[in-house]
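Me: Could you go through this model with me? I would like to start with the overall picture and then move to single residues.

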Amino acid sequence: MREMGRGFARSHEARLLLVVVVLGGFLALATPSFASLQNLVDLLTSNAFSGMLAAGLLVVLVSGGIDISFTATASVAQYAAMTVANHSHIGWLGVAAIGAGLGSLLGLFNAVLIGTLRLSSIIVTIATLNLFYGLLMFVTRGDEIFALPDWFVNGASWTVYTDAQQAEYAITLPMLGLVFAFALTAILLKRSNIGRQVYALGSNADAAARVGIPVFRLNLLIYGYMGLIAGLASLVQAQNAQSVSPNALVGRELDVLAAVVLGGASLTGGVGSVFGTILGVMLLAFLQNGLLLLGVPSYWSPCFTGAVILVAVSLLAIERRRQQGRVRRVSA
Amino acid sequence: MSLSMTRPARIAALRPGPVMLRLLALLGALLLVFALLLGERLFNATAVRSMAFQLPELGILSLAMMIPLLSGGLDLSIIATANLSALAMAFVFTHLGAGQAGMMALACDVAALASGFAVAAAIGLLNGYVIAYLGVSPILATLGSMTMVKGIAIGLTHGNVISGFPAGIVFLGNGSVLGVPMALIVFVLVALPVAVIIGRTPLGAIIAMCGSNQEAVRFSGIDTRRVVLRIYLLSALLSAVAGLVMMARFNSANAAYGESYLLVTILAAVLGGIDPAGGFGKVGGLVMALVILQLISTAANLLGMSQFLTLALWGAILLAVTGVGRLADWLRLRLP
């Protein structure tokens, strides 16, 4: 137990946790509203979409691949599900089935292309991003859907607490979505045989294939899972925005990538954890929210975010190199 | 590499490779289809000239993306760099250059260009330093610098445009010499040296070798870190040229121009035969790919199709070309 504790203290997650706690503590003291329940609920709600996507992307990164197309996948799934929902009463199960089904289908399409074209996943998914998004914008002519069914907009919300000012706090769809995505990803990566195979594939693809891991089938599962999460996340986003516009999501893919990487996942595969990813999402969310509350003009917010990403990935790289040096000295 | 080639090898190097042949076949097929569909409407001076006006922006940005790709890297910050250096140039033009005449105006023009390229060089050196000396993967380093550089541009301008430039700059984007658009001339003036650097100089050979096996290059006594630094410096300077051309074409500069080009430059480079894992690629292939993409875009526009269908077609073309290549490999193995 003590060994585990010491291992954790040296890990990237521990340092990230320290940074997030210090940042959170500072913001709580420096601004009156940061630590308020209202602000924290808002933070959770507004970051649910990117948080869910981060959980899906983590699995892809651990496997040594990358997916850029998930925002387009989400846009397609969202538009299709909401169009059907507006024309027939399909209920929550129907909406979820369309979103998840279409999302995983597009994910599987990515996996098949990556497997058969033997082209790197980044190139394939850049191509499919353009393909999915271009076709969606062509078919829909860029038209937004302004009116969503009432049961969708107002549903899936359970009030649990009403404060002195009569403000209601509820368990909402974004919260459920976040918990679901991270819990499912944690089970998949840490508690299943498949998870071990994903880490093995990301650590050394050749070795994984030699010990008999079915790489093509595993990739189907990995990119299909990313698509599934993207499809479900898109529904959460649709309820949150209360409308659907086909071009609202594309362009946010690199922000999600930044959050997962801040969480310690490596682009070369084999490294990354759910806890780290949650911390990465939290760090970026706290930072943006905190700058706003501290009164920094919102125009400067992207600049700070970029600087933090740059410093964080540099520190990570320096640390990793130091560890490699240590390993080399031991083995020499 | 090219210096010690024997005569037959040199002739072989000039022969179009499989990538070039595939692209030529694709271009021929597209020309045939569009000729049947559009005929005169596509093959007239106006349509060809409009293609020549549109190609250089994406072209120069693709060159900026190509050099890091060749080394096995990637530069996501090219658009942000282009915009920030264009804003720097625009700022100097509009604040110092306004109302000046004669030698002073010329001096201001030089100062404007110099400040734009200085900004780009600083970003390039930052990227290069973080990637080469700190060991950050190129995607992450340039993802960070992209966000930060764009953030600086937004912070300084609040998202507004800077506009109103001297006639010379407007001419660069919209004028033509003997019927050839100035922007295309700039593209050729940039593409030729890049082609020479990549294909005919030791630096080009080392860049490509870094893409194949950086470790091996270092063990052969070359300071790969300095090479990587130069790669990202070169990429940033090319981005600044692209920024200048974009600014001249729109007669304004902004923090968010041309953002949709970012991932398209990677598509163009890969379609042009540049191996995304690094090591292989020629400027000629890239130019062919750019011509193909531009032809599709212009033809789709003339056919009244949405610009988004063009985007989808571009993605599909890349996948199809790669698929045909894989199919050919497979058949060669199966058939006697």
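Reply: A term first: a residue counts as buried when its relative accessible area is under 20%, as exposed when it is over 50%, and as partly exposed in between. Please also keep in mind that this is a predicted model.

Me: Fine. What share of chain A is buried, then?

Reply: Of the 332 residues in chain A, 53% are buried. The chain exposes about 15,300 Å², and carbon and sulfur atoms supply 64% of that area.

Me: And how many helices and strands does chain A have?

Reply: Chain A has 15 helices and 2 strands. Its radius of gyration is 21 Å, close to the 20 Å that the globule rule gives for 332 residues, so chain A is as compact as a globular protein of that length. The C-alpha trace spans about 65 × 55 × 40 Å along the principal axes.

Me: What about contacts between residues at least 6 apart in the sequence of chain A, how many of those join residues at least 24 apart?

Reply: Among those contacts, 76% join residues that are at least 24 apart in sequence.

Me: Let's take a single residue in chain A. Where is Leu102(A), and what does it touch?

Reply: Leu102(A) is found in helix H6 of chain A, which runs over residues 91–117. If residues up to four places away in sequence are not counted, Leu102(A) touches Val76(A), Ala77(A), Ala80(A) and Ala97(A). With a relative accessible area of 25%, Leu102(A) is partly exposed, because the range between 20% and 50% carries that label. The C-alpha atoms of Leu102(A) and Ser121(A), which are 19 residues apart along the chain, are separated by 20 Å.

Me: Switching to aromatics: how many pairs are there over all chains?

Reply: The count comes to 9 aromatic pairs over all chains. One of them is formed by Phe93(B) and Phe165(B), whose ring centres are 6.0 Å apart and whose planes meet at 55 degrees, so the pair is tilted. This pair links distant parts of chain B, since Phe93(B) is in helix H4 (residues 78–97) and Phe165(B) is in the loop between strand S1 (162–163) and helix H7 (167–174), 72 residues apart.

Me: Why tilted rather than stacked or edge-to-face?

Reply: Stacked needs planes under 30 degrees apart and edge-to-face needs over 60, so the 55 degrees between Phe93(B) and Phe165(B) makes the pair tilted.

Me: Are those two buried or exposed?

Reply: Both Phe93(B) and Phe165(B) are buried.

Me: Which residues make up the ring cluster in chain A?

Reply: Ring pairs link Trp92(A), Trp151(A) and Phe152(A) into a cluster. On the topic of rings, Arg218(B) lies over the face of Phe219(B) in chain B, at 5.9 Å from the ring centre.

Me: Back to helix H4 of chain B. What surrounds Ser85(B)?

Reply: Ser85(B) has its place in that helix, and at 0% relative accessibility it counts as buried. Leaving aside neighbours within four places in sequence, Ser85(B) is in contact with Gly116(B), Val119(B), Ala120(B) and Ala240(B).

Me: And Asn127(B), where does that one sit, and what are its contacts?

Reply: Asn127(B) lies in helix H5 of chain B, residues 102–132, and counts as buried at 2% relative accessibility. Its contacts, again leaving aside neighbours within four places in sequence, are Asp75(B), Ser77(B), Ala141(B), Thr142(B), Ser145(B) and Tyr232(B).

Me: How many residues of H11 in chain B are buried?

Reply: Helix H11 of chain B, residues 261–271, is mostly covered, with 10 of its 11 residues buried; among them are Leu262(B), Ile266(B) and Leu271(B). Just after H11(B), Gly273(B) takes a positive phi of about 90 degrees.

Note on methods
Residues numbered from 1 in each chain as written. Chains lettered and ligands numbered in written order. Predicted model: local features only at pLDDT ≥ 70, side-chain atom pairs only at ≥ 80, totals over all residues. Heavy atoms only, no water. Phe/Tyr/Trp six-rings, centres within 6.5 Å; stacked < 30°, edge-to-face > 60°. Helix = DSSP H or I, 4+ residues; strand = E, 2+ residues; numbered from the N terminus. Buried < 20%, exposed > 50% of the residue type's maximum accessible area, 1.4 Å probe, protein only. Lys NZ or Arg CZ within 6 Å of the ring centre and 35° of its normal. Rg over C-alpha atoms; globule rule 2.2 N^0.38 Å. Contact = heavy atoms within 4.5 Å. Areas by Shrake-Rupley, 256 points an atom, 1.4 Å probe, with all protein chains shown as cover.
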